[in-house]
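Biologist: I am new to this structure. Please show it to me, and then I will ask what each term rests on.

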Amino acid sequence: MNLKNLIIEIVDLIDTYDFQQERQMPDLITTRSGQQLHFGDRVRKKIDLLSSILKDNLPAPLNNISYATLYAICRDSICNLYTEGVLAEGIKNESREHIKKLKAEINEVISNKIVTLTHHFQAQTCLFPNSPSFSIGPVSIKSTHQWVKDLDVTNRFFTAFSASPDDEANWKEELTKLISINGKHTSENFTSIKLYEIIKKANSIIEVEIDNYEIKLSRQLAKITSQAAVDCFSLIFNDPKMFLQQNLFEHPTPPIAYNSLVSFSGKLQLPGMTINDKVSTYNGDLIEKAITDNCNFISATGSILYTIINKNENGKKNLSLRWTTALNWYAEAQREQDDAISLAKIGISLDVLSGGGTTRGILSMVKNLLDLDEQHVVFEHPKKTTLIEFIIDLYEHGRSQIVHGNHIDRLIPFDRERQKATSLCRFILYIAALRLETYSGDDSHDAFQKMPFLEKDGDKVAMDLADKG
């Protein structure tokens, strides 16, 4: 349906709206002229269709807007022009002037919502309070202490809390004291108290700047990018437990410990305690060494993150998105408590990275990235396992059987399979990022199956480890 006929239908439905025939609560819109409009679900569906048509044809950067926000803009613009008589006049004259005015108003409102914002996400990482901040591409990872040192706040903070001149002058000092002793410092600085209440459960802040997006979509992209940076940081440690240690605060994380209760012969026994697999905090030297030893990988993943937020136009946008999506599946597999579900997520990670090639596609990709023959022994224990046997076990006997409901006995252990899959998939993601950095081929879904081998230190380390099983 074209826009001209669609607007005619919307105007007619608003003109003839009968509240008594409406089964749902109608929308009540107050337009800029002060008039109020009521309309129901039929008009909502038409506006939804109009929004969808316009979304597909918006130029950059106007298309960097969430669908919910675009719908609201289209709805309000239609209501404004309806009450001002612009739509009715255009329909009466059989012209397209009303359509041009509607599009122009929508585009103007959208352009006013496209902004550049720096997003700050609370997180748990292995950083110490005095650890220096570091970056993975566009993303900065800072301890909360370092973040406060670098922070500046808008004057609206002081106005909102009726801050005195002294409060404005010493809010940073007071906030630093609150953080240093876990809130036990007594402060009357409302700016400091408010910020401390927001960040007190985190030990790190993740920062990233997003250009030319509407605020809702900007935050969504920033969250995806920040989580990917944290997961890249975890990947370099070669310790799956790091994914439990490091995560955005907004994402669910299992408790550090929990108590188990059991009765015997009708009497409650002494409670037990289970501590989860969160690792102890690394010391500063080990963190610095991990960052230094993996500088090539950090550079490669930084380039990927620049690409997914459109700050690096290198013709590899889809492959960068594919790699970060595969990383997300892998990271969530490490945070998963159930071994079977974790194994399925690792299988999905490889499936995504290979371009949906199932067993053959994954095998082709792994052979290429690791430069191994399918009969190469990748694991020595508990029995020798060739590459093709491993892929078949992971994808066909693991991922597919679990996802499609053929494994229903949840007491069947998958811990060994999970451990092997975790190890090898980490190498694959690591090498794929290095290959992508210098890759100059097409941005196709199966490109990781054919990227040329690189003579880089990261490749050699991974190959040595793979050879040793």
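Modeller: One term comes before the rest: a polar contact is a pair of N or O atoms within 3.5 Å; within protein, one must be able to donate a hydrogen and the other to accept it, and residues adjacent in sequence count only if both atoms are side-chain atoms. The side chain of Tyr-330 and the backbone oxygen of Thr-422 are 2.8 Å apart, so the pair falls within the 3.5 Å limit.

Biologist: What kind of model is this, and how are residues numbered?

Modeller: The model is predicted, with local features needing pLDDT of at least 70 and side-chain atom pairs pLDDT 80 or more, while totals for chains, interfaces and linings use all residues. Numbering starts from 1 along each chain as its sequence is written, and side-chain values use heavy atoms, with hydrogens and water left out.

Biologist: Why is Tyr-330 called buried?

Modeller: Buried means under 20% relative accessible area, exposed over 50%, and partly exposed in between, with a 1.4 Å probe and protein chains only. Tyr-330 has 2% relative accessibility, so it counts as buried. Across the protein, buried residues make up 46% of the 469 residues.

Biologist: Where does Tyr-330 lie, and what does it touch?

Modeller: Tyr-330 lies in helix 14. Helices are DSSP runs of H or I with at least four residues, strands are runs of E with at least two, and both are numbered from the N terminus. The protein has 19 helices and 13 strands. Contact means heavy atoms within 4.5 Å. Setting aside neighbours within four places in sequence, the contacts of Tyr-330 include Leu-235, Phe-243, Ser-349 and Leu-429.

Biologist: What makes a set of residues a nonpolar core?

Modeller: The set must consist of buried Ala, Val, Leu, Ile, Met, Phe, Trp, Tyr and Cys residues joined through side-chain atoms within 4.5 Å. The largest such core has 83 residues, and Trp-323, Leu-353 and Leu-429 are among those with the most contacts inside it. Helix 18 (residues 415–438) gives the most to this core, with twelve residues. A second, separate core has 32 residues, including Leu-3, Ile-47 and Cys-74. In soluble globular proteins, nonpolar side chains tend to be buried together.

Biologist: Is Asp-351 buried or exposed?

Modeller: Asp-351 counts as buried, because its relative accessibility is 12%. It lies in helix 15 (residues 339–354), and a polar contact of 2.9 Å joins its side chain to that of Tyr-395.

Biologist: What describes the packing of helix 13 and helix 14?

Modeller: Two packed helices are described by the angle between their axes and the distance between the axes. Axes are lines fitted to C-alpha atoms, for helices over the stretch in contact, and angles run from 0 to 180 degrees between N-to-C directions. For helix 13 and helix 14 the angle is about 115°, and the axes are 9 Å apart. Residues in the contact include Phe-297 and Ile-304 of helix 13, and Leu-321 and Trp-323 of helix 14.
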